[in-house]
Amino acid sequence: MVIPSPASPVVIAHRGASAHRPEHTLLSYEAAIAMGADYIEPDLVSTRDHVLVARHENEISGTTDVADRPEFADRHATRTIDGRAVTGWFTEDFTLAELRTLRARERVPGLRPGNTAFDGLALIPTFEEVVRLAQEHDVGVYPETKHPTHFAALGLPLEEPLLDVLDRHRVRKAYIQSFETANLRALSGRTALPLIQLVAAGGAPFDWIAAGGTRAYDDLVTPEGLREVAGYAQGIGVDTRRVLPAGPDGRLGKATTLVADAHREGLAVHVWTVRNENSQLPADFRLGDPGSPHYDRATGDVPGWLSRLLELGVDGAFCDDPAMGRAVVSRWAR
């Protein structure tokens, strides 16, 4: 398998072109492809009839019109997801046919009001539809298994239908990612596609928590932890703060040794998430008048921020704006 080198970093369209279209819709993925993404990223959850669909979370009140649909009022529920009580509507309580009657909405309309122009236009896509779209345009897919322990407990494991779609379509350009560890370990013996261990800025993989363990994500980014990850995965996908921490004032501090440490173990390093808006950027790369009511959602110095990450040797970046990512990476690769 081929892992991109630091000289050719990859642009991963985070939930599609989510800076420009409601996330996890074919509209978003199509825009990302047109903008030059190398990979499109669907987060995967399961329906009641065990079909994988693209949603950031299995709770869908913020990304669809389900709350406005009286025929589904009785599906409103509170469930425990990864140890936390969540109230809303959940994909596992709907068949695919029922989900397909819903329409997608922008998840953060206050931050991205322009995206609301597309509310109500898109369906929830299946993973198979995303794969077909990617293959039609010769781009890769970068699926994430969301809450694998939760879905396995429901009798709806994500790994089997994931591999089924990838195998039936003979997908060769893909990464598979997860914030948990056990399902990646299991997948490592079942697929030749590269696996990415996601590492949050804090906390611990939920499969470790569920098993009563005391280890945390911090343990995965030590030299010993990275060596362990290299035993079952080909890369890590890390919060940018793991590479360039920020202080209380939001300004960047000294870079960590994580990229070099991971490369020493043969692991690729992909960082998340490069976003456009000032409120989502380190203070060093914000632009405009802080007194403006539009300052938080104004576009900052995204090229400067991504270039700084590339200088540290990262192998790819999850970008909400793939066009911005492509422009920077293309310039960098020359």
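Modeller: The protein has a mean pLDDT of 96, with 97% of its residues at 70 or more; pLDDT is the predictor's confidence in each residue, from 0 to 100. This is a predicted model, in which local features need pLDDT of at least 70 and side-chain atom pairs count only at pLDDT 80 or more, while totals for chains, interfaces and linings use all residues. Residues are numbered from 1 along each chain as its sequence is written, and side-chain values use heavy atoms, with hydrogens and water left out.

Q197 counts as buried because its relative accessibility is 0%, where buried means under 20% relative accessible area with a 1.4 Å probe, protein chains only.

Which residues does Q197 touch, not counting those up to four places away in sequence? They are S178, F179, E180, T181, L184, L220, V229, Y232, A233, G235, I236 and G237, a contact being heavy atoms within 4.5 Å. With S178, one of these residues, there is also a specific pair of atoms: a polar atom of the Q197 side chain lies 3.3 Å from the backbone oxygen of S178.

A caution concerns another part of the chain. Over residues 1-6, pLDDT stays under 50, and the model has 18 contacts for them beyond four places in sequence. Where pLDDT is low, the predicted coordinates should not be read in detail.

Notes:
Buried < 20%, exposed > 50% of the residue type's maximum accessible area, 1.4 Å probe, protein only. Polar contact = N/O pair within 3.5 Å; in protein donor to acceptor, adjacent residues only side chain to side chain.
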